[in-house]
Amino acid sequence: MQTMTNGSQASAPISELQQMTRDYASFARSRAGLGNVLGGIVGVLVFGMIWLFGHGVAVAITAIALTFAWILGRDILRRWLYQPFGVARERWSGKERNTHLAMTGIFTVALLAFAVVIVAGGWLAKPVGWVYLVFCLVTPVIAWRAFFTVPEMVLGFDLLFMCAIVASGHTPDLLGLLAAPAFALAMIPVGLQEHQQFQTLKRRLQMRGGATA
Amino acid sequence: MSASDPTEADAIEEADEQEPAERNTDAEIHPAMALDRVVHEPARLAILAVLSGAEEVDFAFLLAATGLTKGNLSRQTSKLEEAGYIAIRKYFRGKIPATAYRITPTGRAALARYAGQIAAIGHHIQPSPEDV
């Protein structure tokens, strides 16, 4: 099963067709391309802003807005930039599925435990308690639906946690402020490299006669 | 009497039916005879290859990846669906009707079996010296 022809332009090794499909479909879930670049920039901006201005209403609103701009923007990029030849949903291996399940599960258990402490400890008497409770309940849902890779999960959780801290009127500790932007910066070259890979893939599909949808 | 004579053909067919135990299976005659004809057709093989690389793809991507014409793609996917190798789902993306395709476990098994058969046959092909 090496090569196939069908009388048209479709002439490629079968394994190449499979790999090309896998690569294209990966941009629907596990590879974000410029979405990672956006995440890196948002990460640096949010943490830089908190480092410079500390907490406050304006900082909290901007941090939350930027975080959700990344989460939504990445999906928009996936749909409009990385699926130009039509929709292809990525096939997840059992290992990938289990990793996502385990990571989301760990976050969910930890956050639900924290939510129980908030409720049982009487934190809800203060607005701060409600901010953290919302964070505990919303984060697992976002993680399940929007974070599919380890970098996304780590940066996403970190950003949401920082949002909760500044919204509650506190300032994150130095470790959080230093580790997260370093991680965010590392996502930028990864995203650029993925984008380059997609451009190559796009050219290959165009050469096969593919028209953008 | 020619081989295409209906009387002779009927007689051969009748004899075949009377002695099924003595007949060789297609695979015994030659491994190539046992190839799955549904998968063996190049366009259908390309479709299965694409579908095996993703959970689900829509018509537009299948068209781009295989390079087939719309009519041919529709025909071949219908045949694959009839064989139970792929599943076709019609849905609406907003107000636009769309079609999604996915390979079934039966289709995946057929593709894997076909790959094994082709590899086995390939090992037996000995090109004659003047063809090399």
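These legends describe views of chain B in a predicted model.

**View 1. The elements of chain B.** Chain B holds seven helices and three strands. Helices (H or I, at least four residues) and strands (E, at least two) are DSSP runs, numbered from the N terminus. Their order from the N terminus is α-α-α-α-β-α-α-β-β-α.

**View 2. Surface and interior of chain B.** Of the 132 residues in chain B, 36% are buried. Buried means under 20% relative accessible area, with a 1.4 Å probe and protein chains only.

**View 3. Helix α4(B) against helix α5(B).** Helix α4 of chain B spans residues 42-52, and helix α5 of chain B spans residues 59-66. They pack at an angle of about 120 degrees, with axes 10 Å apart. Axes are lines fitted to C-alpha atoms over the stretch in contact, and angles run from 0 to 180 degrees between N-to-C directions. The two helices, α4(B) and α5(B), are therefore oblique to each other.

**View 4. Residues between α4(B) and α5(B).** B:Ala46, B:Ile47, B:Val50 and B:Leu51 of α4(B) meet B:Phe61, B:Leu62, B:Ala65 and B:Thr66 of α5(B). This contact of α4(B) with α5(B) involves seven nonpolar residues, one polar and no charged. Contact means heavy atoms within 4.5 Å.

**Notes.** Residues are numbered from 1 along each chain as its sequence is written, and chains are lettered from A in the order in which they are written. Local features need pLDDT of at least 70, and side-chain values use heavy atoms, leaving out hydrogens and water.

Note on methods: This is a predicted model: local features need pLDDT of at least 70, side-chain atom pairs count only at pLDDT 80 or more; totals for chains, interfaces and linings use all residues. Buried means under 20% relative accessible area, exposed over 50%, partly exposed in between (1.4 Å probe, protein chains only). Angles under 35 degrees count as roughly parallel, over 145 as roughly antiparallel, 65 to 115 as roughly perpendicular and the rest as oblique. Ala, Val, Leu, Ile, Met, Phe, Trp, Tyr, Cys and Pro count as nonpolar, Asp, Glu, Lys and Arg as charged, and the others, Gly among them, as polar.
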